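Subject: Structure handover

Hello,

Here is the structure I promised to pass on. Please open it first, then read my notes below.

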Amino acid sequence: MLQLPKSQPMRNLASRSKSYELCRQITAKYSKTFYLGTLLMPEAKRRAIWAIYVWCRRTDELVDGPQAALTTPETLDQWEEHLESIFAGHPIDDYDVALVDTLERFPIDIQPFRDMIAGQQMDLYRSRYETFDELNLYCYRVAGTVGLMSSAVLGVDNSTSKAPWDQQTNSYNPVGEAIALGIANQLTNILRDIGEDARRGRIYIPLEDLQRFNYTEDDLFKGVVDDRWQELMRFQIQRARDYYTKAERGIRALSRDARWPVWSALMLYQKILNVIEHNHYDVFSQRAYVPKLRKMLSLPIAWLRAQVL
C-alpha cells in the first residue's frame, strides 16, 4: 500500500463518486458517533470530511492497525511521500481520489497532515509520557490536526451579526478552538481505551499524574479500580471537559450549516465521559459507549444550541 509507483503504468482508479462512497462506508463502520454528526452537514462538506477521516484513519492504522508491527520510520517517510503526491493532485489509490477532489474544493493546508504523521512517529518510540505538556503535543499531532483539517471544510461565518458591545473583529478564525476540540476528543479516546492500551504495554495518562494520586504503573496493568484510581480519573475527565468548554466557544464562528453537526459531534463524544463515570471509572473490563437512543435524543438539543449560542 505504501510503496509509491515509479515507472509502472498507473492502474485505473475509482471514480470520484465511488471513492467518496468507499470513504463513507469506512467512516460509518469505524466511527459511528462521528459519522452521525457528518450526516447533518451539506453533501459537499459531508463527503469532504469522510475523505479526511479515511486518510487520518489509514495514517493511524500504520502504528495501531493489524500490520503495525511492520511499520518503521521509513514506512512513515513513504506515507509522507504518498501525501505529497495527493497534494500535487496525483492520487495513488482509490481512497486518494476523494481526497484529491476535496483538496480542489476546499483550501486545506498540508501542514496538519504532516504533523499527524509526526504524531504517529511518536508512537513508534514512545509508550509513556512524563508530563501533560508532552502528552498535549502528541494529542495535537494526532487529533488537534483533525480540527485544523476540518475547519477548512466547515468554514467560518464572518457575517455573523454582533451585539454593539461585542467588538471582536469579523475576521475571527477559531483555530485554537478547533485544535481544542481535537485534543478533547483524543483525551476522551485515551480514557476510554486505557485498558486496551495497557494490554499493549502503553500508558497515555501522564506519569506525573499517576504519581500525584499515588497510583502505579503496576496498578494500572493489573486494572486496579479503587479510591486512588477514581480520583485520578475524575482529574483526567475534568481536563478533557475543560478542552470541550474551550472548543464550544468557537462554534458560533463557524458557517451556519456547520454549527449543528459540530455541536452534535461534540456533545455525542463528550457523553463518553459520562458513561465512564456511570461505569464507576472501570475502563479495564468494559468499554464506554453511548447507546444509539441517547445519541438521537442529543440531536434536538444540539440543534437548539446551534441556533442560540
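Let me start with the contacts. Residues 24 or more positions apart account for 74% of the protein's contacts with a separation of 6 or more. Contact here means heavy atoms within 4.5 Å.

Two words on the basis. This is a predicted model, in which local features need pLDDT of at least 70 and side-chain atom pairs count only at pLDDT 80 or more, while totals for chains, interfaces and linings use all residues. Residues are numbered from 1 along each chain as its sequence is written, and side-chain values use heavy atoms, with hydrogens and water left out.

Overall picture

The protein has 14 helices and 0 strands. From the N terminus on, the order of elements is α-α-α-α-α-α-α-α-α-α-α-α-α-α. Helices (H or I, at least four residues) and strands (E, at least two) are DSSP runs, numbered from the N terminus.

The C-alpha trace spans about 60 × 55 × 35 Å along its principal axes.

How much of the protein is buried? Of its 309 residues, 52% are. Buried means under 20% relative accessible area, exposed means over 50%, and partly exposed lies in between (1.4 Å probe, protein chains only).

The accessible surface comes to about 15200 Å². Carbon and sulfur atoms hold 52% of that surface. These areas come from the Shrake-Rupley method with a 1.4 Å probe; for residues, only the protein chains shown count as cover.

Now the charges. There are 39 positive and 40 negative ones, and their mean positions are 7 Å apart. Lys and Arg count as positive, Asp and Glu as negative; His and the chain ends are not counted. Each charge is placed at NZ of Lys, CZ of Arg, CG of Asp or CD of Glu.

The core

The largest nonpolar core has 87 residues. Such a core is a set of buried Ala, Val, Leu, Ile, Met, Phe, Trp, Tyr and Cys residues joined through side-chain atoms within 4.5 Å. Which members touch the most others? They are Trp-55, Leu-135, Leu-187, Ile-194, Leu-220, Trp-229 and Ile-276.

Take Ile-194. Leaving out residues up to four places away in sequence, Ile-194 touches Ile-205, Leu-220, Trp-229, Met-233, Val-283 and Phe-284.

Val-283 is worth a look from its own side. Val-283 sits in the loop between H13 and H14. It counts as buried because its relative accessibility is 5%. Beyond neighbours within four places, Val-283 is in contact with Leu-191, Arg-192, Ile-194, Gly-195, Trp-229, Met-233 and Ile-276. Val-225 is 58 residues from Val-283 in sequence, yet their C-alpha atoms are 9.0 Å apart.

Two positive phi angles

Asn-214 is not a glycine, but its phi is positive, about 55°. Asn-214 lies in the loop between helix H10 (207-212) and helix H11 (217-222). At 57% relative accessible area, Asn-214 is exposed.

His-280 also has a positive phi, near 60°. Its place is the loop between helix H13 (256-278) and helix H14 (292-308). Buried or exposed? His-280 counts as exposed, with 55% relative accessibility.

Other residues to check

- Gln-238 is in helix H12 (residues 227-248). Its relative accessible area is 41%, so Gln-238 is partly exposed. Gln-238 and Leu-273 are 35 residues apart in sequence and 9.3 Å apart, C-alpha to C-alpha.
- Ala-253 lies in the loop between H12 and H13. Ala-253 is buried, at 7% relative accessible area. Its C-alpha atom is 26 Å from that of Asp-101, 152 residues away along the chain.
- Val-97 belongs to helix H5 (residues 94-105). Val-97 is buried, at 11% relative accessible area. Outside four places in sequence, Val-97 contacts Leu-13, Ala-14, Ser-15, Arg-16, Ser-19 and Pro-91.

Best wishes
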